[in-house]
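Hi,

Here is the structure I promised to pass on.

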Amino acid sequence: MKKHTLLYALIILAFNCKENQKEAVTSSKYVEEPHSNAKPNESVIKHLDLDIVVDFEREIINGSATYTLENNNASEIVLDTKFLDIISTEADKKPVDFELGPFNKQLGQSLKIPISEDTKQITIHYKTTAKTEALQWLNAQQTADKTHPFLFTQGQAILTRTWIPIQDSPQIRITYNAKVTVPKELMAVMSAENPKEKSKNGIYHFKMKQAISPYLIALAVGDIAYKPVSHRTGVYAEKSMIDKAQAEFIDMEKMVTAAENLYGAYDWDQFDVIVLPPSFPFGGMENPRLTFATPTVIAGDKSLTSLIAHELAHSWSGNLVTNATWDDFWLNEGFTVYFEIRIMEALYGKERANMIALIGRQDLEEEVEGFKDEPNMTKLKLDLSAKNPDDGMNSIAYDKGYLFLRTLEETVGREKMDAFLKSYFKTNAFSTVTTEGFIDYLNANLLTPNNITFNTEEWIYNPGIPENQSVIVSNAFTNVEQTLQSFLNLKSIDVTKTKDWTTQEWVHFIRNFPETITLDDLSRLDAAFNFTNATNSHIAMVWYEQAIHHNYHGNNVDQNIEEFLIRVGRRWYVSTLFKAFKNADRVDEALIIYQKSRPNYHSVTANTIDALLGFESK
Ligand code: BES
Ligand code: ZN
């Protein structure tokens, strides 16, 4: 009798253990998130083998994606797709039927493939379509060299599903191999181990051995070449850009070393940058091992290279420790801006770092003001559930995120801050963090052990900027403000005062023109400094913004603005200028330019400007 009871108890215990184990895997591993149809707690992808042909004539990618799975007793696996033509599917190489769910404007369609307990892999044969949002196909005229077409992808936030069927949530991490076939004259590069020369037959093999989130899978194809900067850094660009790119980014190795000294070893072996054609919609995109960058960062004097520090910093904050959902986007960008500015300080000193920080501080002020009727948009932790995540990703995550971390640093002291961040990256390497997970980690590892109280929740969950914000001071900027004031008083400027100004000082000068500045003042400044023909893209952009705002038409500035908007697709620049037109009640003029510039824009820029100008695309 006793024996039986014991046996019974053991069976129950064993059964419970199994239940508990299952529960740990099924209920807690991946959090619910609104921007993916995947059910990773039931069955999840672990590795991708991609085999694709890049067809420039038809402007499609055609091929197959094979995934190795981890199945938790599910009878199907659910992937994300959007605007893809799914041809056929296989489970362990045997054809199976698939099912596409209803189309949702934001999410696209779920793709369900039946599997059994012992299914090891699935294959999807597919083609991209003309509606793809990730890909931008450029003709030769839209490139720097104007001789060959070009293709690049942009995956963040939820666009990878428009060129690869995938479980498209940042919580998913996969390794990948890819075979990519391109026209023989072109070279392909990915966020992976890359070739340094063209292959003879146009076939390229890639391997990404570190597990990454789907939004970081990236591909670029064009007539490009490689030049090293150091043993583990270098640049890819079209021929006419490659030497300029190498010279501009010559401090790349120093940046990597400075970053490693701050927060631990660089885990991705190689750090390269590819300079893309000017329509690239971002300043930079942190694709692992190969940052994608806008050519507008090449100023000729290394003045805009904090962008490279920024994308490099994402190798820790973002690529190594990833936001679990897009509501936690500030964990990627706020930490990255903090890290970027620390790298800049290590290389070029506190003054330069504070100037960059102050430019961001002014951006934050303007962004908060712009959201005065939508205060919820100024929270660090967002609620993007009913939205396209791209619409909620404004500079709050960057600049308020930065200010939070800088204020925290000033509260706890730099030494403790750095030890904390280093351990945060190490402990959470190759995994994902939610805002709540971060708060717990912060309390357990920094605040509680040191007996420090900090208004973390107010910073993260409340709109606006808390009282205890760090106050950033730059003597250089104070001097710029005085020079501007004296010009406005005296109507003349002492050029010996401005002759050594850096780009950041010029940007600060121009952005701080008072509302009352006259057309005469603007002409005088333009005559003295030729801002209208500035070759530095950031200076040109802020000047054009002022010209539009104040209805200044001297020096043929309107022609330059139009030319700039047609050539450059960098969303931050383009939207700043179109916003200026809109705020100056000049939407009609904006629309005339937009008709001409829109065909050159990547979908993420076009979508933003469509919404801004109320433009209905056919
Ligand atoms: N990861 C972002 C770009 C991004 C953000 C793509 C949101 C898609 C959705 C990148 O690291 C970035 O922040 N780029 C900035 C650079 C700047 C802050 C130095 C940009 O493009 O302007
Ligand atoms: Zn970033």
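Let me begin with a helix pair. Helix 3 (residues 252-263) packs against helix 5 (residues 329-348) at an angle of about 115 degrees, and their axes are 9 Å apart. The crossing of helix 3 past helix 5 is right-handed. On the helix 3 side the contact is made by K254, M255, A258, A259, L262 and Y263, while helix 5 brings in Y338, F339, R342, I343, M344, A346, L347 and Y348. Sorted by class, that contact has 12 nonpolar residues, two charged ones and no polar ones. Do keep in mind that this is a predicted model.

Next, the aromatics. The count comes to 48 aromatic pairs. One of them joins W268 and F430: the ring centres are 5.5 Å apart and the planes sit at 55 degrees, so this pair is tilted, as edge-to-face would need over 60. W268 is in the loop between helix 3 and strand 17 (271-275), and F430 is in the loop between helix 9 (414-427) and strand 21 (431-433), so the pair ties together parts that are 162 residues apart in sequence. Are the two partners buried or exposed? W268 counts as buried, with 1% relative accessibility, whereas F430, at 30%, counts as partly exposed.

Helix 18 (residues 571-583) is another one to look at. Which of its residues are buried? They are R571, Y573, V574, S575, T576, L577, F578, A580 and F581. The cover over these buried residues includes helix 7 (389-392), helix 16 (537-549), helix 17 (557-567), helix 19 (587-597) and helix 20 (603-613). Just after helix 18, D585 takes a positive phi of about 55 degrees.

Most residues other than glycine have a negative phi, and most peptide bonds are trans. Here are some places to check against that:

- N73 has a phi near 70 degrees, a positive value in a residue other than glycine. N73 is placed in the loop between strand 2 (60-71) and strand 3 (76-81), and at 53% relative accessibility it counts as exposed.
- N451 also has a positive phi, near 60 degrees. Its place is the loop between helix 10 (435-447) and helix 11 (456-461), and N451 counts as exposed, with 74% relative accessibility.
- The peptide bond from Q156 to A157 is cis, with omega near 5 degrees. A157 lies in the loop between strand 10 (150-153) and strand 11 (174-181).

Last, a look at Y398, which is found in helix 8 (residues 395-412). Y398 counts as partly exposed, since its relative accessibility is 26% and buried would mean under 20%. What does Y398 touch, leaving out residues up to four places away in sequence? Its contacts are H310, F329, E333, G334 and V337. Y398 and L364 are 34 residues apart in sequence, and their C-alpha atoms are 8.6 Å apart in space.

Happy to go through any of this with you.

Cheers

Notes
Residues are numbered from 1 along each chain as its sequence is written. Chains are lettered from A and ligands numbered from 1 in the order in which they are written. This is a predicted model: local features need pLDDT of at least 70, side-chain atom pairs count only at pLDDT 80 or more; totals for chains, interfaces and linings use all residues. Side-chain values use heavy atoms; hydrogens and water are left out. Buried means under 20% relative accessible area, exposed over 50%, partly exposed in between (1.4 Å probe, protein chains only). Helices (H or I, at least four residues) and strands (E, at least two) are DSSP runs, numbered from the N terminus. Contact means heavy atoms within 4.5 Å. Axes are lines fitted to C-alpha atoms, for helices over the stretch in contact, and angles run from 0 to 180 degrees between N-to-C directions. A crossing is left-handed if the near helix is turned anticlockwise from the far one by less than a right angle, and right-handed if clockwise. Ala, Val, Leu, Ile, Met, Phe, Trp, Tyr, Cys and Pro count as nonpolar, Asp, Glu, Lys and Arg as charged, and the others, Gly among them, as polar. Rings of Phe, Tyr and Trp (its six-membered ring) pair if their centres lie within 6.5 Å; planes under 30 degrees apart count as stacked, over 60 as edge-to-face and the rest as tilted.
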